[in-house]
Amino acid sequence: MVDIAMIEAARARIDGRARRTPPLSSPFLDEIAGRRLFVKAECLQHTGSFKFRGGWSAVSALEPSVRARGVIAFSSGNHAQGVALAAQMHGIPAVIIMPSDAPKLKIANTRALGAEVVLYDRVEEDRDEIGARLSTQRGLTLIKPFDEPQVIAGQGTTGLEIAEQAAEEGIDTATVLVPCGGGGLTSGIALALEARAPGFKVHPCEPRDFEDTTRSLASGKIERNAALQGSICDAIITPQPGNITFPILKRLCGPGLVVTDEEALDAMELAFKRLKIVVEPGGAVALAAALFHGKEIDGDTVIVVTSGGNVDTDVFEAALRRH
């Protein structure tokens with residue numbers, strides 16, 4: 001359902017709207033990782049995460065008459081902000097369904113972008129049911145956070161940039177580590193790199209006890225998380241891989257990597273001290289894998305995506321105080 005042509009078309013629509021985020025490096029991080037390390041800083045993207053790419057791709061792909069009625073999305077915060085900004089830029093209404101325990105910063109930012117926020121209990125309530133009901137009642141188009149072809153295509157533009165920036169550095173083989181929730185970013189990047197940098201191998205990265213994608217890849221079938229809360233990596237906690245994303249991940253990705261919350265916090269601290277960027281816990285898991293799980297990684301060059309930087313102040317301060 002998603003291919004390189006769709007990703008290229010998404011890039012044509014997003015050109016001049018999304019930032020071409022930089023690949024950052026530090027000799028200090030190279031030493032810790034034991035290899036050359038590049039960090040694709042999607043935490044510097046509009047709204048503080050890669051999700052703007054998918055949000056713009058999906059909203060801009062709608063027929064004008066459909067788009068004018070508005071859109072609805074569910075998200076713990078980053079997809080919410082991406083869709084809210086895309087809707088605002090198109091001058092259309094947006095309703096965003098968010099878990100009540102989402103970081104306050106993400107809820108506030110989503111409202112500040114003009115969206116109507118509907119809060120729900122992620123343990124007791126079903127966001128899919130809420131989204132379907134509201135979209136039917138109000139005539140809104142539902143834009144899913146990861147299991148949506150145009151969203152995957154938009155996230156895949158990150159992979160196109162990785163391929164181009166790696167080529168500029170003379171890199172033709174690399175391990176690419178990506179924070180993974182439902183798999184939209186990971187599958188989009190994997191599809192883009194399959195076409196534009198076939199010497200690269202993508203691995204999803206997840207927090208411990210919420211590694212549904214890692215377990216799914218190991219078993220060959222979709223596995224579900226037993227719990228939906230209990231990690232600071234809220235941005236990438238999803239019930240299970242998507243029905244669209246998982247076949248892509250299964251075909252193109254290597255084994256998943258799993259990190260602890262503490263390792264994610266340590267990666268946040270190192271990203272701030274050595275790269276001068278702010279990364280949220282879920283957005284730091286790939287960097288944590290590169291820095292602290294080097295024995296599970298092949299190759300001399302690793303490219304990691306820091307997927308988001310929307311972190312509450314108290315959590316960020318806790319990361320900086322750890323050492």
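## Terms and model

Contact means that heavy atoms lie within 4.5 Å, and the helices (H or I, at least four residues) and strands (E, at least two) named below are DSSP runs numbered from the N terminus. This is a predicted model, in which local features need pLDDT of at least 70 and side-chain atom pairs count only at pLDDT 80 or more, while totals for chains, interfaces and linings use all residues. Residues are numbered from 1 along each chain as its sequence is written, and side-chain values use heavy atoms, with hydrogens and water left out.

## Helix α10

Helix α10 spans residues 212-219, and its buried residues (under 20% relative accessible area, 1.4 Å probe, protein chains only) are D212, T213, T214 and S216. The cover over these buried residues includes β8 (200-207), α11 (245-252) and β9. After α10 comes G220, which has a positive phi, near 85°.

## The nonpolar cores

A nonpolar core is a set of buried Ala, Val, Leu, Ile, Met, Phe, Trp, Tyr and Cys residues joined through side-chain atoms within 4.5 Å. The largest one has 36 residues, of which L37, L177, I277, L287 and V304 touch the most other members. Among the elements that give two or more residues to this core are β2 (36-41), β9 (257-259) and α13 (285-292).

Leaving aside residues up to four places away in sequence, L287 touches L37, V39, A267, A271, V304 and T306. Another core, of 31 residues, lies apart from the largest one and includes V2, A192, A197 and I244.

Conventions:
Buried means under 20% relative accessible area, exposed over 50%, partly exposed in between (1.4 Å probe, protein chains only).
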